[in-house]
Amino acid sequence: MGAYLDGRRQGPLLMSDSPTHEPARLTRFGADYLLKRAAEEAGITQAVSANVLRRSYVGSAHRRGDSVEDIRNHLGHQDSRTTRRHLDPST
C-alpha cells in the first residue's frame with residue numbers, strides 16, 4: 001500500500017495511471033473496468049461489477065447479523081430504504 005500511495009497523505013485512494021495524462025482520481029468507469037479485468041484474469045466467469053460487490057456485501061453483512069442501519073452507514077446511504085433494496089426479499 002505504501003508504494004501505491006507514493007508518500008501521499010491525502011487525496012483520492014484510487015488514481016488513474018495514464019502515460020499521456022497527469023494522475024487523477026480514478027473514475028467509477030475506470031474502477032469498474034479494472035474490477036472486470038481483475039475478475040477475468042482470476043478466471044471468474046460470473047458477471048462482476050461494483051454493484052454486484054455492493055449487493056454481495058449487503059447480503060453477507062445482513063446474514064451475519066449486522067443491522068440495516070449499520071449497513072446503511074457503511075454504504076453511505078441517506079435512507080435505509082435504499083439499503084433494503086439490496087436485500088433478498090426472502091431474508
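Q: What makes Thr-83 count as buried or exposed?

A: This is a predicted model, in which local features need pLDDT of at least 70, side-chain atom pairs count only at pLDDT 80 or more, and totals for chains, interfaces and linings use all residues. Residues are numbered from 1 along each chain as its sequence is written, and side-chain values use heavy atoms, with hydrogens and water left out. Buried means under 20% relative accessible area, exposed over 50%, and partly exposed in between (1.4 Å probe, protein chains only). Thr-83 has a relative accessibility of 1%, so Thr-83 counts as buried.

Q: Which residues are in contact with Thr-83, leaving aside its neighbours within four places in sequence?

A: Contact means heavy atoms within 4.5 Å. On that basis Thr-83 is in contact with Val-58, Val-68, Ile-71, Arg-72, Leu-75 and His-77. Thr-83 itself lies in helix α5.

Q: How many helices and strands does the chain have?

A: Helices here are DSSP runs of H or I with at least four residues, and strands are runs of E with at least two, both numbered from the N terminus. By that count the chain has 5 helices and 0 strands, giving the order α-α-α-α-α from the N terminus on.

Q: Why is the chain called more spread out than a compact globule?

A: The radius of gyration is taken over C-alpha atoms, and the globule rule is 2.2 Å times the number of residues to the power 0.38. For 91 residues the rule gives 12 Å, while the chain has 17 Å, well over that value, so the chain is more spread out than a compact globule. The C-alpha atoms fill a box of roughly 50 × 35 × 20 Å along the principal axes. Of the 91 residues, 19% count as buried. Among contacts with a separation of 6 or more, 13% come from residues 24 or more positions apart.

Q: Where is Ser-49 found, and what makes Ser-49 buried or exposed?

A: Ser-49 is found in the loop between α2 (28-41) and α3 (50-63). With a relative accessible area of 16%, Ser-49 falls on the buried side of the cut-off. Not counting residues up to four places away in sequence, Ser-49 touches Asp-32, Leu-35 and Lys-36.

Q: What makes Pro-19 buried or exposed?

A: Pro-19 has 84% relative accessibility, so Pro-19 counts as exposed. The place of Pro-19 is in the loop between α1 (2-5) and α2. Its C-alpha atom is separated by 28 Å from that of Gly-43, 24 residues apart along the chain.

Q: How do you know that the side chains of Arg-72 and Glu-69 meet in a salt bridge?

A: A salt bridge is a side-chain nitrogen of Lys or Arg within 4 Å of a carboxyl oxygen of Asp or Glu. For Arg-72 and Glu-69 the N to O distance is 3.0 Å, and the pair is a salt bridge. The two are 3 residues apart in helix α4 (residues 68-75), so they are separated by about one helical turn. Arg-72 counts as buried at 16%, whereas Glu-69 is partly exposed at 40%.

Q: What makes the pair Asp-79 and Arg-81 a salt bridge?

A: The N to O distance between their side chains is 2.5 Å, and they meet in a salt bridge. Asp-79 is partly exposed at 26% relative accessibility, and Arg-81 is exposed at 60%. Arg-81 is found in helix α5 (residues 80-84).

Q: How many salt bridges does the structure hold?

A: The structure holds 5 salt bridges. One of them joins the side chains of Arg-64 and Asp-66, at 3.1 Å, N to O. Arg-64 is exposed, with a relative accessible area of 54%.

Q: What makes Arg-37 partly exposed?

A: Its relative accessibility is 40%, so Arg-37 counts as partly exposed. Arg-37 lies in helix α2. Arg-37 and Arg-55 are 18 residues apart in sequence and 19 Å apart in space, C-alpha to C-alpha.
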